Amino acid sequence: MKALSILVLIIIVSSCNSEQKKNSIEGTWRLISAETTEKDSTFSTFNSKTKMIKIINDSHFAFFNHDLKNGKDSTNAVFFGGGGKYTLKDSVYTENLEFFNNRQWENNKFEFVVKVKNDTLIQKGVEKIEKLGVDRIIVEKYVREK
């Protein structure tokens with residue numbers, strides 16, 4: 001009987017851990033939509049000619065974006081990437097951008113509210129860098145890569 005109780009407890013704990021992992025922001029995500037609001041104007045910043053992924057582990061995030069023509073069309077060749085540490089408290093996700101190919105963006109914090117629903121991550125927050133005149137709200141939607 002004691003062995004059965006231990007087995008039931010293991011199953012319950014395992015199912016709780018897998019449920020927690022399923023709702024986690026950790027993983028590899030592909031950008032499927034992006035919207036920016038500056039002053040009174042809202043517009044899409046999603047580029048269907050590029051692919052962007054975001055990778056989030058237990059302490060760091062990284063993002064990479066490149067053109068889908070593999071750089072073969074030099075007029076449209078795109079590559080950028082960045083990353084750093086992050087914190088997550090409840091639904092408040094704060095990126096500490098330590099690395100970015102546009103170095104003026106480095107060493108800035110960006111705070112977002114995140115929500116995971118099924119295999120979709122929605123991230124909404126403010127990008128603000130006074131010295132660059134950047135002050136905008138962004139909403140990005142990602143789907144979990146399999």
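Analyst: Happy to! Let's begin with a turn: Asn-118 takes a positive phi near 55° in the hairpin of E7 and E8, which has 2 residues between the strands. This is a predicted model, where local features need pLDDT of at least 70, side-chain atom pairs count only at pLDDT 80 or more, and totals for chains, interfaces and linings use all residues. Residues are numbered from 1 along each chain as its sequence is written, and side-chain values use heavy atoms, with hydrogens and water left out.

User: What makes E7 and E8 a pair of strands?

Analyst: Strands are DSSP runs of E with at least two residues, numbered from the N terminus (helices are runs of H or I with at least four). Two strands pair if DSSP finds at least two bridges between them. Strand E7 (residues 108–117) and strand E8 (residues 120–129) are joined by 6 bridges and run antiparallel, so they meet that definition. Within this pairing, Val-113 stands opposite Lys-124 in E8.

User: How many bridges join E8 to strand E9?

Analyst: There are 10 bridges between E8 and strand E9 (residues 134–144), and these two run antiparallel. Here Lys-124 stands opposite Val-139 in E9. The hairpin of E8 and E9 has 4 residues between the strands, and in it Gly-133 takes a positive phi near 70°.

User: Is Phe-63 buried or exposed?

Analyst: Buried means under 20% relative accessible area, exposed over 50%, and partly exposed in between (1.4 Å probe, protein chains only). Phe-63 has 10% relative accessibility, so Phe-63 counts as buried. Phe-80, at 25%, is partly exposed.

User: Which residues form one aromatic cluster?

Analyst: Phe-61, Phe-63, Phe-80, Phe-100, Trp-105 and Phe-110 do.

Definitions and conventions. Phe/Tyr/Trp six-rings, centres within 6.5 Å; stacked < 30°, edge-to-face > 60°.
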